Number of protein chains: 2
Amino acid sequence: MCQLLGMNCNTPTDILFSFEGFHRRGGQTDHHADGWGIAFFENKGCRIFLDDKPSVESPVAHMVRNYPIKSENVIAHIRKATQGEVNLANTHPFMREMWGRYWIFAHNGNLENFQPEAGCHYNPVGGTDSERAFCHLMERLRAKWCQQPQLDELFAEVARLAGEVSSHGVFNFMLSNGEVLFAHCSTHLHYIIRQAPFNTAHLVDDDVSVDFASVTTPHDRVAVIATQPLTDNESWTQLVPGELLLFRDGSPLSQHLPG
Amino acid sequence: MCQLLGMNCNTPTDILFSFEGFHRRGGQTDHHADGWGIAFFENKGCRIFLDDKPSVESPVAHMVRNYPIKSENVIAHIRKATQGEVNLANTHPFMREMWGRYWIFAHNGNLENFQPEAGCHYNPVGGTDSERAFCHLMERLRAKWCQQPQLDELFAEVARLAGEVSSHGVFNFMLSNGEVLFAHCSTHLHYIIRQAPFNTAHLVDDDVSVDFASVTTPHDRVAVIATQPLTDNESWTQLVPGELLLFRDGSPLSQHLPG
């Protein structure tokens with residue numbers, strides 16, 4: 001299994017504090033050492049930093065930890081390989097362009113006997129079940145709509161597709177187009193909303209605290225989503241298996257529950 | 001205008017020496033300070049490092065200069081904005097997936113009145129003529145072939161499309177799928193092949209030399225392609241306007257000349 005981290009905000013925010021704890025799970029406080037990656041949206045632009053080295057010893061992670069990139073949507077992933085060898089093509093997050101926007105995807109879980117037919121628009125480059133699932137989602141959405149539909153229609157279709165793919169196994173994922181962030185839970189996913197009045201948070205994985213009141217404005221709102229809570233003195237909400245949440249501007253906007 | 005740098009090799013090679021001189025053209029020895037980027041293929045995997053800061057002061061460039069990523073195909077670009085504002089979405093190189101491989105593109109030049117119709121498969125995210133041209137190339141190739149064709153057929157079609165787009169202005173570009181690298185010249189593009197017996201090379205942009213004999217094996221062959229020669233003691237070959245070259249394993253494999 002892998003570790004997922006996501007952030008969705010109403011104002012460009014750096015993820016240094018959360019990433020500080022998260023990257024230690026790649027080979028230090030946890031054993032997910034088969035590469036890692038992080039994608040930052042800056043408006044419609046997107047940059048992904050990938051490394052097939054464990055994140056605790058990666059020069060790219062060292063740079064990311066010291067460069068406060070401000071972003072409204074971030075997805076990060078630390079890999080524990082289940083399917084597909086350890087190489088760059090199999091390192092999450094994955095990116096494709098759809099409807100004139102970049103889409104970013106990362107997956108935690110394992111899908112069995114999942115071999116969707118080759119796409120007209122999107123095909124995997126590497127050998128993971130995860131990239132196959134991402135291309136399948138993109139393919140089905142693109143086949144249904146030539147341009148981006150209304151958000152409620154899109155949300156309903158992503159929920160339907162996520163349910164279908166989940167019949168093949170564990171399918172915790174995050175998906176973002178830089179505007180909204182989808183978070184789907186099969187087994188483990190937690191989130192927290194940070195907004196005024198801000199407090200001090202303390203990392204689980206390291207003895208580091210930050211007083212968010214000193215680095216925010218009263219208007220800021222930030223959703224952080226992670227496989228396991230990153231702090232030990234805040235109250236995280238656990239998603240239930242089968243739940244899909246859509247975050248926009250730092251808040252959950254739409255919710256789909258199983259059944 | 002911008003600066004292009006490409007590398008195509010028969011064995012994974014780091015680009016540190018060439019990048020050392022090249023990155024100084026982004027705000028120090030030249031005035032191309034509107035962002036920069038570099039893409040490294042590692043087999044079918046690809047990672048792109050982008051920054052909308054000038055390359056001489058970019059933390060990402062600092063990391064790239066100190067991390068010897070070994071790659072068989074590299075494309076780098078330093079931007080001097082002509083069309084499209086300075087932001088991440090307009091920063092080269094651009095990436096799309098086609099036929100189950102990543103494709104990377106960077107452009108030096110300026111295209112006027114170039115507004116191809118919206119694609120079925122590929123659409124630009126940013127506002128540059130360069131990304132429009134890349135999406136147009138991908139769209140036409142993808143519309144013609146559902147799977148990657150023979151290399152000679154692909155080369156002939158890229159040459160034909162490059163000629164068409166060149167009627168709109170200056171279209172120096174590099175394009176790679178991690179297997180081969182296309183280099184097209186409208187105005188300025190030079191290349192050099194380094195192979196045994198290797199010599200010492202000295203940068204134009206900085207007083208740095210490297211003895212390639214000490215860092216290579218006799219079997220290595222490396223093609224370096226750049227807008228302007230990067231070294232002042234080697235013999236670079238200048239492409240002629242309208243020329244397209246296809247590099248594989250560190251050698252020019254196919255050549256298309258204008259007329």
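Modeller: Asn43(B) is exposed, with a relative accessible area of 61%; buried means under 20%, exposed over 50% and partly exposed in between, using a 1.4 Å probe and protein chains only. This is a predicted model, in which local features need pLDDT of at least 70 and side-chain atom pairs count only at pLDDT 80 or more, while totals for chains, interfaces and linings use all residues. Residues are numbered from 1 along each chain as its sequence is written, chains are lettered from A and ligands numbered from 1 in the order in which they are written, and side-chain values use heavy atoms, with hydrogens and water left out.

Asn43(B) sits in the loop between β2 (36-42) and β3 (45-51) of chain B. Helices (H or I, at least four residues) and strands (E, at least two) are DSSP runs, numbered from the N terminus. The phi angle of Asn43(B) is near 55 degrees, a positive value in a residue other than glycine. Asp249(B) also has phi near 55 degrees, positive and not in a glycine. Asp249(B) lies in the loop between β14 (244-248) and β15 (251-256) of chain B and is partly exposed, at 38% relative accessible area.

Asn90(B), in the loop between β4 (71-78) and β5 (94-98) of chain B, is buried, with a relative accessible area of 3%. Leaving out residues up to four places away in sequence, Asn90(B) touches Arg79(B), Gly84(B), Glu85(B), Gly126(B), Gly127(B) and Thr128(B), where contact means heavy atoms within 4.5 Å.

In chain A, Pro93(A) is in the loop between β4 and β5, and a cis peptide bond with omega of about -10 degrees joins His92(A) to Pro93(A). Another cis bond runs from Ala196(A) to Pro197(A), with omega near -5 degrees; Pro197(A) is in the loop between β9 (190-195) and β10 (200-202).

Now the contact between the chains. Here 33 residues of chain A meet 33 residues of chain B. The area buried between them is about 2600 Å², of which carbon and sulfur atoms give 56%; buried area is the accessible area (1.4 Å probe) that two parts lose on being put together, summed over both. There are 4 salt bridges between the chains, a salt bridge being a side-chain nitrogen of Lys or Arg within 4 Å of a carboxyl oxygen of Asp or Glu. One of them pairs Arg96(A) with Glu97(B), whose closest N and O atoms are 3.2 Å apart. On the side of chain A that touches chain B, at least two residues each come from β2 (36-42), β3 (45-51), α2 (59-66), β5 (94-98), β6 (101-111) and α3 (129-144). The largest share, 7 residues, is from β3(A).

Chain A can be laid on chain B with an RMSD of 0.0 Å by a turn of 180 degrees and a shift of 0.0 Å along the axis, after superposition by least squares on the C-alpha atoms of residues with pLDDT of at least 70 in both copies. The two copies are therefore related as by a two-fold rotation axis. The same surface serves both copies, since 100% of the contact residues of chain A recur in chain B.
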